[in-house]
Amino acid sequence: MSTGNMNLTLKIWRQKNTKAKGGLVDYKLSDISPDMSFLEMFDVLNEELISKGDEPVVFDHDCREGICGACSMFINGRPHGPKEGITTCQLHMRSFKDGDTIVVEPWRAKAFPVVKDLTVDRSAFDRVIAAGGFISVNTGNAQDANNLPIPKVQADSAFEAAACIGCGACVATCKNASAMLFVSAKISQLAQLPQGQPERYRRVQSMVAQMDAEGFGNCTNTGACEAECPKGISLENIARMNRDYLSAKFVSEEDI
């Protein structure tokens with residue numbers, strides 16, 4: 001009697017370090033439950049490799065709930081795999097069929113160098129945030145929410161931008177390796193709130209400058225980033241960022 005479990009062939013990118021030459025290595029897995037997550041399937045593979053004395057596949061993961069953005073895998077030519085609106089850790093093996101061959105690669109971008117195997121260095125995103133993705137105010141007790149009334153439509157739009165988890169799928173899928181969807185989301189979540197207004201134009205100039213310094217490409221409006229984003233971040237954020245960047249050129253230094 002069939003259990004419904006699957007036999008799979010995995011072609012996984014293995015690379016010792018940033019400077020080493022990498023390549024795809026074939027692995028066979030048997031009796032994989034369709035109810036496993038994609039990362040649980042990788043856990044099974046690594047347990048087998050370790051039991052044989054081989055080096056396990058290195059990959060990023062943390063929350064495994066689609067929140068942290070750590071699990072970054074290019075699966076069969078798509079970031080996070082064949083399903084829409086989910087991260088790799090939310091992808092289940094029932095999305096594949098018995099006998100399938102699955103190709104797994106790391107993010108491909110100059111600004112995301114491979115650390116080892118499927119793990120890439122995404123600290124470029126951290127430096128972009130450090131350049132301006134914050135509000136410079138004294139810390140202390142939070143104000144009462146009613147002290148800063150914000151229209152619901154505006155608050156919802158800011159929240160949608162803030163849903164970005166910084167996974168880097170937008171960069172990985174873009175033919176230019178552009179980070180404009182990520183950067184614009186981080187700019188938009190503050191630009192639409194009263195707290196973000198005092199540094200609004202300084203922020204956009206600083207973050208865009210850091211984005212360029214990190215080696216990310218420019219946006220050519222193909223829309224692949226929005227299509228593959230697991231949180232559905234809208235291209236409208238890029239338009240907002242461009243408007244703010246242009247407006248900043250007409251604002252005096254005192255205002256910035």
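**Figure 1. The exposed face of helix α2.** D126 and A130 are exposed residues on the face of α2 turned away from its buried side. Exposed means over 50% relative accessible area, buried under 20%, and partly exposed in between (1.4 Å probe, protein chains only). Helices are DSSP runs of H or I with at least four residues, strands are runs of E with at least two, and both are numbered from the N terminus. The model is predicted: local features need pLDDT of at least 70 and side-chain atom pairs count only at pLDDT 80 or more, while totals for chains, interfaces and linings use all residues. Residues are numbered from 1 along each chain as its sequence is written, and side-chain values use heavy atoms, with hydrogens and water left out.

**Figure 2. The buried side of helix α2.** Helix α2 spans residues 123-132, and its buried residues are A124, F125, V128 and G132. These residues lie on the same side of α2 because they cover an arc of only 105 degrees around the axis. The arc is that of the directions from the helix axis to the C-beta atoms. An α-helix has 3.6 residues a turn, so residues three or four places apart point the same way.

**Figure 3. The cover over helix α2.** The buried residues of α2 are covered by elements including α4 (169-173), α5 (180-191) and α6 (200-213). Contact here means heavy atoms within 4.5 Å.

**Figure 4. The surroundings of the close-ups.** The protein chain has eight helices and seven strands. Of its 256 residues, 43% count as buried. Among contacts with a separation of 6 or more, 69% come from residues 24 or more positions apart.
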